[in-house]
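Take a look at the model below.

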Amino acid sequence: VPDRYQEELLCLHTALCSDDDPTAPARLASLLLPALRRRFGNKPDGGDPHLLDSLIDESVARYLQEPGRYDPTKGPLLAYLYQDVEGDRKNALAGLARRRLRESPAIEVELSSAGGNLSVEQEVLDGVDPFDVSLAALDAARAELASFSELDRRLLDLLGQGVRETAPYAEVLGIGHLPVALQRRAAKRHKDRLKARLEVIRERLGLR
Amino acid sequence: VSDSDSADLDGVVEQLRDAPEFLAGWLAATPDVEELLSRLGLGESQRQLLRLCRTPRPDRFTADVAAIADYLHVDALALAATLREASARAALAGRSAAAPAAGWLAAAHDTAQKQLSGSVGTARLRRLAEETWAAAPAPARAARDVGAAVAWSSPVAVVSLPRLALPAVNRWLSEHGIPRLDSDTDMPLQGLLVAWRGHGLIFVDGTLGEAERRFVIAHEQGHFVLDYAEPRRRVLTDAPDLLAVIDGHRSATAADRARAALARVPLGVHQHLLQRDQGGGAALDVIASEDDASQYAIELLAPWDDVLRKLRGAGFRQEPYAEQLGGATEMVVREFAVPAGPARSRTAAALDELGLRRGFFER
């Protein structure tokens with residue numbers, strides 16, 4: 001793989017992690033997908049023609065959502081994703097082999113209805129999602145507010161007020177138009193991200 | 001990326017449909033989204049690349065949209081307007097017509113001539129108008145493109161309909177999977193704002209001249225800013241948990257009502273401004289809202305300081321007042337592309353500020 005290609009991937013990875021460039025995920029996907037499909041073109045797929053494409057799509061989507069899982073010091077991005085897909089492929093083939101061996105009936109999964117009472121659903125979901133950032137960590141974060149974006153500051157304000165409901169976070173994130181379940185997942189991801197960042201600050205300030 | 005590559009991206013796009021941090025997820029709740037995206041003239045692969053971009057962050061909307069537009073070679077304003085309409089359609093589609101919650105606003109601008117009460121404006125209105133322009137890129141500000149200012153500054157989309165009236169609006173809403181309004185009176189309108197869950201749609205009569213169209217858009221944006229976004233911002237600041245009540249996610253408890261009273265944020269924070277009596281008249285609070293929205297509109301279109309600067313340089317002092325007012329009004333109409341009525345009110349106020357008043361024998 002040419003160095004320039006690796007450099008471009010690394011540059012885009014950095015942009016993805018820092019959230020600087022909104023086009024970074026699209027640029028990365030359009031570079032990574034053809035390369036991974038080429039690499040897996042001749043691999044055994046257990047007779048399922050869609051298996052490899054699905055595994056590659058899942059792996060790239062996982063990476064785009066959680067780019068921090070890849071550590072550039074341990075090797076090139078393409079190698080990391082190759083290992084990820086390869087691991088999934090081996091697992092899938094092993095599972096397929098076990099199922100064929102047992103000739104077990106397909107497992108029926110009953111999916112719960114997507115409808116229902118949104119308010120009750122939200123109240124229950126909010127109730128089981130305590131956000132336990134300590135006041136000391138919040139104080140430390142406030143001292144470092146200069147490094148936080150405007151959006152993060154507004155989220156921290158809500159956290160500092162002990163707001164538990166999803167709607168205010170969704171308002172700040174600009175996703176109030178989406179279904180409640182999606183809002184809640186996104187809000188939780190941002191809370192977790194801030195929580196991790198607060199942890200780093202707490203450690204740096206010797207608050208642990 | 002050519003169209004033949006789009007299939008390569010479909011799987012990842014599908015994987016990200018539940019992730020609103022990406023446009024794939026952010027656009028997923030919009031009814032009829034393909035029709036909306038088709039306006040951008042993007043090929044299938046470019047649409048998928050658009051979906052793989054990070055959702056523009058509310059606090060960096062202009063910069064993020066500009067970056068995406070540059071990447072996909074589309075017009076940035078068209079992309080901004082499309083994203084605004086997508087989120088507004090999704091928000092309004094989630095509204096229950098059967099049980100409207102407190103946080104719903106519908107404000108109509110009928111065809112009656114509006115008389116601005118003072119037209120001096122206030123510091124608050126000037127600040128809000130300046131904030132609206134500040135969100136737009138420099139070329140839009142230089143061209144005084146009010147549609148662009150609205151799209152860049154607020155989660156509001158503008159929809160033009162020929163011969164605007166409530167039945168036509170209801171037809172449009174139904175066609176786009178959005179519950180109809182509870183009124184269907186066939187009264188001609190110049191503009192209409194509907195807002196829900198932080199997003200708004202401005203409907204404007206497509207047969208209006210350019211100056212009137214600009215004023216109507218600015219007026220409805222005034223309703224959004226003054227009657228909707230500002231009270232909503234107060235709730236978010238002073239009692240954020242109550243937003244779930246206002247947005248209809250849950251009904252208000254006794255504790256919520258007590259908290260709202262203590263924080264001085266009424267749960268019915270947004271007014272319903274559609275009611276008119278049989279003669280077309282409106283209640284006093286509706287009239288006050290209409291006047292405030294018009295004041296905001298004239299401040300947006302013909303900023304006070306800019307009007308004063310123009311008039312100072314025009315040299316009207318030697319003429320009788322009526323000629324001064326007529327000439328100055330024509331200049332304001334020409335320079336700021338505003339309708340004659342609001343321009344005359346603003347010009348009279350500006351001349352007064354400059355010490356030019358009707359003389360004793362001219363009264």
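Is A:Tyr80 buried, partly exposed or exposed? This is a predicted model, and in it A:Tyr80 has a relative accessible area of 25%. Buried means under 20% and exposed means over 50%, so A:Tyr80 counts as partly exposed.

Now turn to the aromatic pairs. Over all chains, the count is 5. One of them joins A:Tyr80 to A:Tyr70. The ring centres lie 5.3 Å apart. The planes meet at 45°, so this pair is tilted. A:Tyr70 sits in the loop between helix 3 (51–65) and helix 4 (77–102) of chain A, while A:Tyr80 belongs to helix 4 of chain A. The pair therefore ties together parts that are 10 residues apart in sequence. A:Tyr70 has 6% relative accessibility, so A:Tyr70 counts as buried.

Next comes the contact between the chains. Chain A brings 50 residues to it, and chain B brings 43. About 3,900 Å² is buried between chain B and chain A. Carbon and sulfur atoms give 61% of that area.

Charges meet here too. The interface of chain B and chain A has 7 salt bridges. In a salt bridge between B:Arg232 and A:Glu171, the N to O distance is 2.7 Å. Between the two chains, 10 residue pairs are in polar contact.

Which helix of chain B gives the largest share of the side that touches chain A? Helix 1 of chain B does, with 5 residues. By class, that side of chain B has 22 nonpolar, 8 polar and 13 charged residues.

Methods
Residues numbered from 1 in each chain as written. Chains lettered and ligands numbered in written order. Predicted model: local features only at pLDDT ≥ 70, side-chain atom pairs only at ≥ 80, totals over all residues. Heavy atoms only, no water. Contact = heavy atoms within 4.5 Å. Buried area = accessible area lost by both parts, 1.4 Å probe. Salt bridge = Lys/Arg side-chain N within 4 Å of Asp/Glu carboxyl O. Polar contact = N/O pair within 3.5 Å; in protein donor to acceptor, adjacent residues only side chain to side chain. Helix = DSSP H or I, 4+ residues; strand = E, 2+ residues; numbered from the N terminus. Nonpolar A, V, L, I, M, F, W, Y, C, P; charged D, E, K, R; others polar. Phe/Tyr/Trp six-rings, centres within 6.5 Å; stacked < 30°, edge-to-face > 60°. Buried < 20%, exposed > 50% of the residue type's maximum accessible area, 1.4 Å probe, protein only.
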